[in-house]
Amino acid sequence: MTDNAVRIHGVGKSFRLYRERNQTLKSAVMRGRTSVHEEFWALRDVTFDVPRGSTFGLIGSNGSGKSTLLKCLANIYHPNTGTITHRGRIAAMLEVGSGFHSELTGRENIFLNGSILGMRKREIARNFDDIVEFSGVEKFLDQPVKNYSSGMYVRLGFAIAINVDPDILIADEVLAVGDLEFQDKCFEKFRALRADGRTVILVSHSMSSVRQLCDRVAWLDRGALRVVGDAHTTIAAYEVAVQQGRQG
Amino acid sequence: MNYLREVFASRELLANLTAREIKGKYRRTVFGQLWSLANPLAQMIIYSFVFGLIFRANPPAGNPSGLNIFALWLLCGLLPWIFFSTVITLGAGSLVANAGLIQKVYFTRITLPLSIVGASAYNWGFEMAVLLVALSIFGSFVLPWIPLVIVVMLLLAVFAAGLALMAAVANVYFRDTEYLLTIALQIWMFLTPIIYPMSLVEKASTDVGGLLGTSVSLIDLYRLNPMYHFVEVFRELLYDNRLPDPVQLLVCFAWATGSLVLGAFVFRRNERNLAEAL
């Protein structure tokens, strides 16, 4: 227990699949009901531990429940069954730059976004230079972010999120942003976090980045846990299964 | 208690979100904050013309202030109303408008509707300050009443916040709540003595007598409307310069507390499901 940053125990999450959903009072009254739906289990009885200080990867095909699991970890969804316990502060990077206000400047948005991610003003001020340097937008800091290129926008968002200084960082497919140079920076940052004893949980479809970064990997398949263990063997098993699926 | 602590811990976020609403709104406009006066001024001109000049809804002169200017009398009730209805309309949309944020980041959700209350209160404060200056210029000795005015303003903000919390949740499940609210608020405004004086209602009430053969009079129905009490209290303080009936102040306090408690309860029960429901 002492060495686990996160324990996921028997977690299941169901969603409603709507065949009919009346989202206005008018239609609800006219149809006499609010919805017709069936339950769909996006996650079923998932159990594994994430050791403290590890970089942990989640892999699986589209729709396997990776993002749902991350959202449960990030406290955005609440699992229907099971429990998730964690030690330390969690920061989730599920989408970068959400919460930017397009009329406000880069500088103002750093403070706004930082506080949405749970940082105190003092912390943001302390990390301000790191954030600016990491994002590489210092020249445009006092421009409204609506004038930013999409790359600058994402880089600034990423820079803020990664400087939250969490014990556990959760990242969903964010490695795909920015140019090669920026990606290198991100990789370096992830390694620095690990060297610092921080735990990183990330989702990626790029097996090469997962192989480079992660020491342990969990493979999810249609909402259930298939394999969890050492990165290389798990990825190899996944790749074999994908190949077989293609042939079959 | 835990929840209160969580909300308190998010005060910086609340301040930043409020600043986002305030700064984002009039940023890069020539007149900036002055725009927030445009809407009340336009309404003041329209109502003063129609109800002051054409219909001659002569409100009694301020007692003891002796003030007798329809436009000022109107604004004492109209500015609180505009604040109230802005908080409810914008507050109702606050969760849906930030759906992207709610689905991607965890933070104390209640800060979203509360930031609308904060931003609207900021604009309202500005409008009220201008009104205070105007009242003083035209001879209302309003200065000693300012502390009590601020207390009642806080009460109205709390009352509006409670309703906005409920409206915000309702709007997540039924997206047409916003539009229904616009209609409801319009009806509500005309049922509140804002653009016509209570003296006319009293007269009508005695003329009609008991409604539908009961002993319930029109005035009794008016008293059920919380905004009636707020508007009356504001007018007594600002326009008449006299101490309102303590019972009426208590009624305002009761409505404010009740609304906030119910609103916070409804919001708390639903906030866990927001990310999915959106």
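Select helix 3 of chain A, residues 106–116. Its buried residues are A:G106, A:E108, A:N109, A:I110, A:F111, A:L112, A:N113, A:G114, A:S115 and A:I116. Buried has a cut-off here: 20 or more other C-beta atoms lie within 10 Å of the residue's own, while 12 or fewer make a residue exposed, anything in between is partly exposed, and the C-beta atoms are placed from the backbone. Helices are DSSP runs of H or I with at least four residues, strands are runs of E with at least two, and both are numbered from the N terminus.

The model is predicted: local features need pLDDT of at least 70, side-chain atom pairs count only at pLDDT 80 or more, and totals for chains, interfaces and linings use all residues. Residues are numbered from 1 along each chain as its sequence is written, and chains are lettered from A and ligands numbered from 1 in the order in which they are written.

**Stay on helix 3**

Why is helix 3 of chain A described as largely enclosed by the rest of the structure? The reason is that 10 of its 11 residues are buried. Now show what covers them. The cover includes helix 4 (121–135) and helix 5 (150–162) of chain A, together with helix 2 (11–26) of chain B. Next, click on A:G118, which follows helix 3 of chain A. The phi of A:G118 is positive, near 95 degrees.

**Move to strand 6**

Select residues 168–172 of chain A, which form strand 6. Five of the five residues are buried, so strand 6 is largely enclosed by the rest of the structure. Look at both faces. A:I168, A:I170 and A:D172 lie on one side, A:L169 and A:A171 lie on the other, and all are buried.

Which strands pair with strand 6 of chain A? Strands pair if DSSP finds at least two bridges between them. One partner is strand 5 (residues 90–93) of chain A, parallel to strand 6 over four bridges. Find A:I90, which stands opposite A:I168. Another partner is strand 7 (residues 199–203) of chain A, which runs parallel to strand 6 and is joined to it by five bridges. Here A:I170 stands opposite A:I201.

**Jump to a loop**

Select A:R33. This residue sits in the loop between helix 1 (25–31) and strand 2 (35–51) of chain A. Is A:R33 buried or exposed? A:R33 is exposed, because it has 12 other C-beta atoms within 10 Å. Leaving out residues up to four places away in sequence, A:R33 touches A:N22 and A:A28; contact means that C-beta atoms, placed from the backbone, lie within 7 Å. Now draw a distance from A:R33 to A:S98. They are 65 residues apart in sequence and 34 Å apart in space, C-alpha to C-alpha.

**Cross to chain B**

Show where the two chains touch. The contact takes 27 residues from chain A and 23 residues from chain B. On the chain B side, helix 2, helix 5 (99–104), helix 8 (177–190) and helix 13 (274–277) each give two or more residues. Helix 2 of chain B gives the largest share, six residues.

**Finish on the whole of chain B**

Colour chain B by secondary structure. Chain B has 13 helices and zero strands. Its C-alpha trace spans about 55 × 55 × 35 Å along the principal axes. Of its 278 residues, 41% are buried. Among contacts in chain B with a separation of 6 or more, 80% join residues 24 or more positions apart.

Terms used:
Two residues are in contact if their C-beta atoms, placed from the backbone, lie within 7 Å.
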